[in-house]
Each structure stands twice: as C-alpha cells, then as structure tokens.
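Please look over the sequence and the structure before reading on.

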Amino acid sequence: SSVILESLSKKSLCDVEIIGRDKVPVQAPSYLLAAHSEVFQEMFYSESNDDTAAETKLSGYVVVGGDTKSSSSHTLELAFATWDAIEAAVHFLATHSLPRGLENEANEFNIRSMCQIHLIGRLFKITSLVNQAYRTARLFMNKMPRLVCAAFDECNVSTKLVSPKYNLCSSLDELKAYALYYMRESPSTTLLSGGTVFLNAESIEAIICDQDMDVDEHTMFNVLSTWVKQDEDNVDTGKTLVSNINLSFIKTDYLKNVVKKCGFVDLSDVEVALKEIEEMLANQSPDEKEHVLVEGAGKDEVNGIYVRMEEDIGLGGEEVMFIKEAKEDEYCPDYGLYLLRSTWSITSCVDYSNILYSCEVTEDATSPRHQAPKHGWETIGGGDPPPICTWNPSKDDAKTSGKGYVAPNLADSGTNNKSLTSYTDIANGDHDDGCHRLSLRTMLNLPTDEGHEDDDYHDDMDDSNTSRDIEGCLARHH
C-alpha cells in the first residue's frame with residue numbers, strides 16, 4: 001500500500017483529475033479507481049468507449065478525455081464533495097485507511113467530509129469505502145451527539161448536488177437514516193444541545209415536519225425557536241414552519257410568556273390556541289384530572305369530587321388546593337379542600353374562616369405532600385361523621401403512578417394517542433402522530449458499531465416562592 005500511496009504523488013502515473021465543489025483538483029491513477037469500482041472500470045477501460053469522443057457525460061459526473069488506452073487525462077467532476085473528502089477517499093483506496101486527521105477528531109468539518117465520502121462510495125459502488133465512512137461517522141456522532149444534526153444536514157445538501165439522472169444502487173442512505181433516527185430518539189442531546197446551528201432551512205423544515213420525532217409540541221417549538229434565534233434571516237422561515245406545531249398542546253403560561261414574545265408567531269395564533277385550551281379544559285370530566293373524592297361526611301354538601309387547582313390562581317409553593325364547584329341547579333357554595341402548612345382543611349369558599357373538617361399531617365407521613373390523607377379527619381364545624389378522602393391522580397399520571405420504572409414497549413415505540421379531552425395531553429401533546437412503529441425485522445437490523453474503543457461513546461445525561469395567605473386565594477376563587 002505504501003507503493004500505491006507514493007504513486008499518488010507522481011503526476012505521470014495519475015491520469016485522472018477529480019474536481020469537487022471547491023474547484024481544487026485531486027490527482028488519481030485510473031487503475032486504482034477501476035480496481036475498486038466497476039463503475040470506474042466501465043468509465044475508463046470499457047471496450048465500448050468511442051476513441052473519438054472528446055467528452056463523455058455520465059449521470060452524476062463528467063469524464064473528459066480521449067482514448068482511454070492513451071496517456072490522455074480524464075476529468076471527473078463531483079459537485080457534492082470538497083477537495084478534502086475526495087483526497088481522503090483516494091487515500092482510502094490506496095491504503096484501506098482514512099487520513100489520521102480526518103478519522104480521529106470529531107468536529108463539524110470531519111463529519112461533513114465523512115458524509116461526502118460515504119456518498120462517493122455509494123455512487124461508485126465501493127462497499128469498503130461506504131462501510132468505513134459509515135462506521136467513522138457513527139463514532140463521531142456517538143462521541144459528540146450534536147454532530148448528528150451536521151450529518152443529517154450534509155446528507156441533504158450533498159444528495160441534492162448529485163445529478164438526478166444518476167441511479168444509485170439503493171435509494172436508502174443509511175447514514176442519513178441513522179442521523180434522523182438518532183435525532184428522533186434523543187432530541188435533547190442533539191437538536192437542543194447546539195445541533196441546530198448546523199442546519200440550513202431545508203433541514204430544519206424536514207425536522208419540524210417529521211411526525212415521527214419523539215417530542216411534544218413544547219420541545220418542537222424550542223427546537224424551532226433556537227434555530228430562528230441563530231440568525232435574523234431565519235425569522236421568515238420560522239413564521240412559515242410554526243404552522244406545523246399545534247400551539248394548543250403547549251402550556252398556557254409558556255404560550256403567554258414565551259411564544260407570544262418570540263417574534264415569529266402571530267399574536268392572533270396564540271390567542272386562538274389559548275381559547276382552544278380553555279374550551280378543552282371546560283369540557284374535561286373532573287375524574288380525568290387530579291382530584292380527591294370526599295365521601296361519608298355528616299354534612300352532605302361537602303361530599304363529592306374536588307379537582308386540583310393550578311398554581312396560576314395564586315397559590316404559593318407550599319399550599320395545595322382542590323375545589324368542588326357547585327352545580328348550576330344546586331343552592332350551595334363551592335367548597336375547598338386545601339393544605340396550609342401542616343393542616344388539611346375543608347371549608348366553604350364563601351366563609352373560609354369556618355373550617356368544617358380538618359386533618360393534621362404527621363411528621364412520619366409517607367404519602368407525598370400533595371396527596372390528601374384518606375383517614376384521620378376530625379369534625380370541626382361540620383356534622384359527624386368526618387369524611388373519608390381518596391386522592392386520585394390524573395388519568396394519564398395513573399398509568400405510571402406507583403409503578404416505578406416500566407420498560408418501554410418497543411412494539412409501540414413512537415406511537416401517541418392524542419386526546420383533546422385530557423389536560424395532560426394538552427400540556428404534553430406529542431408531536432408524533434403515531435406513524436412510527438418498530439417491527440421485529442427493524443429491531444433485528446438496527447445498526448451496530450464494530451471495533452470501537454471504550455471512550456468512543458458519549459455518556460448521555462443530568463422553590464421557593466413566599467406562600468400567599470390562603471384567605472386571599474379562596475377569596476379570589478370566590
């Protein structure tokens with residue numbers, strides 16, 4: 001291989017000139033290219049070549065020259081690759097290894113070069129080059145996950161610079177597919193860890209419109225917002241792409257304090273989203289929310305479902321409030337069940353000074369602070385007997401509450417059943433529309449890394465407001 005490598009520096013032996021997007025030529029011997037690729041062999045040594053041809057155009061590249069058996073030179077144009085990538089590819093054909101500077105350091109330049117080398121291998125059917133570029137690019141991405149975005153962007157850019165007349169042996173770009181899969185599964189370590197800086201407008205559009213991305217609408221908006229803030233020229237693109245994000249699946253306070261002020265979302269769209277959220281919450285059944293079921297109290301009006309109130313009504317970080325609203329045909333006030341300091345109380349929202357039932361939280365209590373105790377209630381101003389209070393999580397929280405870690409169901413990976421009747425769905429609406437599923441064949445064929453070192457992989461991941469007076473909260477609610 002050292003002899004072949006040395007021949008690359010001898011112009012008399014290099015009868016092919018390869019020119020990339022930066023117009024800097026790379027010299028290579030035709031026999032070396034043909035020895036590795038049947039496509040090159042057909043180009044340079046086919047008996048069907050016309051000796052009088054001054055220029056032979058092939059899909060995706062151009063060969064300029066005369067008789068391939070003479071000493072005439074050939075020019076090959078590869079508009080999608082830089083000089084560095086082309087030289088590294090030729091170096092690999094001569095030595096079966098990539099240049100050290102290109103192979104050992106994970107950075108944007110090297111990952112983009114590796115994507116171009118991978119495409120060269122695919123175009124000219126050089127399997128060994130394809131495999132080496134793929135393995136090296138994956139190691140770069142595992143060492144520095146944000147480079148996944150650069151790889152995805154470069155695959156998009158490079159492919160578009162190849163003539164559409166050229167028929168690749170396979171339409172599947174496994175490197176691009178791996179980068180996209182990586183972003184889908186781990187947006188926090190790729191897109192939200194500085195990766196958006198590597199994306200052009202077409203690439204960010206592909207990501208925002210991807211329905212298999214495993215993120216909620218809040219995260220998808222953060223991805224777009226991060227990209228828009230990188231350059232003021234991105235604002236117009238942001239205004240267009242935000243239409244792919246369902247704003248009504250983003251929390252109300254975030255809509256009001258962040259989305260409304262971002263500069264690329266129309267205020268009218270935010271108002272429409274807020275109205276939709278309000279309507280969906282109004283139509284939500286109380287038993288789908290976090291609530292406390294109060295039963296058996298001597299004062300019958302107290303019994304019923306008390307729904308957890310949100311913090312934006314003015315509750316401090318230490319108080320917990322549940323409200324039972326009176327029905328339209330009932331001639332009774334609303335009732336509140338709340339925790340203030342270490343005491344749970346049930347009162348009328350009209351006369352909060354009149355505590356009907358109370359329960360002191362003991363220091364050795366094992367239940368979380370926000371869960372009202374089931375037993376231990378005492379009658380204060382209400383009628384005997386005191387109530388039994390059963391705390392229930394929201395419909396969606398109940399799926400995992402108290403179960404600890406539950407292994408994910410690979411068969412349902414990426415699916416999401418959006419429901420406009422669940423507040424949890426509204427707050428954490430999944431951007432994934434449930435199109436992506438992993439079959440057994442897909443799982444068995446997930447790519448693996450070979451020959452890696454222990455340090456080739458990146459180890460992924462890492463209130464106090466003054467309490468307001470409870471009387472003010474109750475008065476405000478009333």
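Is Arg-341 buried or exposed? With a relative accessible area of 59%, Arg-341 is exposed, because the cut-off for that class is over 50%. The model examined here is a predicted one.

## The chain as a whole

The chain has 478 residues, and 44% of them are buried. Its secondary structure consists of 17 helices and 13 strands. The accessible surface amounts to about 25400 Å², with 48% of that area belonging to carbon and sulfur atoms.

## Cysteines

A disulfide is a covalent bond between the sulfur atoms of two cysteines. The count of disulfides in this model is zero. Cys-349 has a relative accessible area of 2% and is buried. Cys-209 is partly exposed, at 33%.

## The largest cavity

The largest cavity holds about 70 Å³ of space. Its lining includes Ile-18, Leu-33, Phe-40, Leu-76 and Leu-78. Ile-86, Ala-89, Val-90 and Leu-93 are also among the lining residues, as are Ile-120, Ile-126 and Leu-129.

Helix H4, which covers residues 83-95, gives the most to this lining, with four residues. Sorted by class, the lining of the largest cavity has 12 nonpolar residues, no polar residues and no charged residues.

## The second largest cavity

The volume of the second largest cavity is about 40 Å³. Its lining is made up of Cys-115, His-118, Leu-119, Arg-122, Glu-154, Cys-155, Ser-158, Thr-159 and Asp-173. Helix H6 (108-123) and helix H8 (147-160) are the elements that give two or more residues to this lining.

## Helix H8

Helix H8 contributes to the lining of the second largest cavity and is itself mostly covered, with 11 of its 14 residues buried. The buried residues of H8 include the run Leu-147, Val-148, Cys-149, Ala-150, Ala-151 and Phe-152. Asp-153, Glu-154, Cys-155, Asn-156 and Ser-158 are buried in H8 as well. Of these, Glu-154, Cys-155 and Ser-158 are also among the residues that line the second largest cavity.

How far apart are the end C-alpha atoms of H8? They are 20 Å apart, which agrees with the 20 Å that 14 residues should span at 1.5 Å a residue.

## Backbone angles in loops

Most residues other than glycine have a negative phi, and most peptide bonds are trans.

Lys-23 has a positive phi, near 65°, and is not a glycine. Lys-23 sits in the loop between strand S1 (16-19) and strand S2 (25-28), and counts as exposed at 63% relative accessibility. Arg-341, with which this report began, also has a positive phi, of about 60°, although it is not a glycine. Arg-341 belongs to the loop between strand S9 (335-340) and strand S10 (343-348). Pro-385 is found in the loop between strand S12 (378-379) and strand S13 (388-392).

## Pairs apart in sequence

Thr-127 lies in helix H7, residues 127-143, and is exposed at 55% relative accessibility. Between Thr-127 and His-36 there are 91 residues of separation in sequence, yet their C-alpha atoms are 8.9 Å apart.

Asp-236 is part of helix H12, residues 235-241, and counts as exposed at 57% relative accessibility. Asp-236 and Phe-264 are 28 residues apart in sequence, with 7.4 Å from C-alpha to C-alpha. Val-361 is placed in the loop between strand S11 (355-360) and S12. The relative accessible area of Val-361 is 32%, so this residue is partly exposed. Val-361 and Thr-343 are 18 residues apart in sequence and 5.9 Å apart in space, C-alpha to C-alpha.

Note on methods:
Residues are numbered from 1 along each chain as its sequence is written. This is a predicted model: local features need pLDDT of at least 70, side-chain atom pairs count only at pLDDT 80 or more; totals for chains, interfaces and linings use all residues. Side-chain values use heavy atoms; hydrogens and water are left out. On a 1 Å grid over the protein atoms alone, a cavity is a set of points where a 1.4 Å probe fits but cannot get out, and a pocket is an open set with protein on both sides within 12 Å along at least five of seven lines; lining residues have an atom within 4 Å of a point. Grid points are joined across faces, edges and corners, and a volume is the space filled by probe spheres set on the points. Ala, Val, Leu, Ile, Met, Phe, Trp, Tyr, Cys and Pro count as nonpolar, Asp, Glu, Lys and Arg as charged, and the others, Gly among them, as polar. A disulfide is a pair of cysteine sulfur atoms within 2.5 Å. Buried means under 20% relative accessible area, exposed over 50%, partly exposed in between (1.4 Å probe, protein chains only). Accessible areas come from the Shrake-Rupley method with a 1.4 Å probe; for residues, only the protein chains shown count as cover. The expected span of a helix is 1.5 Å times one less than its number of residues.
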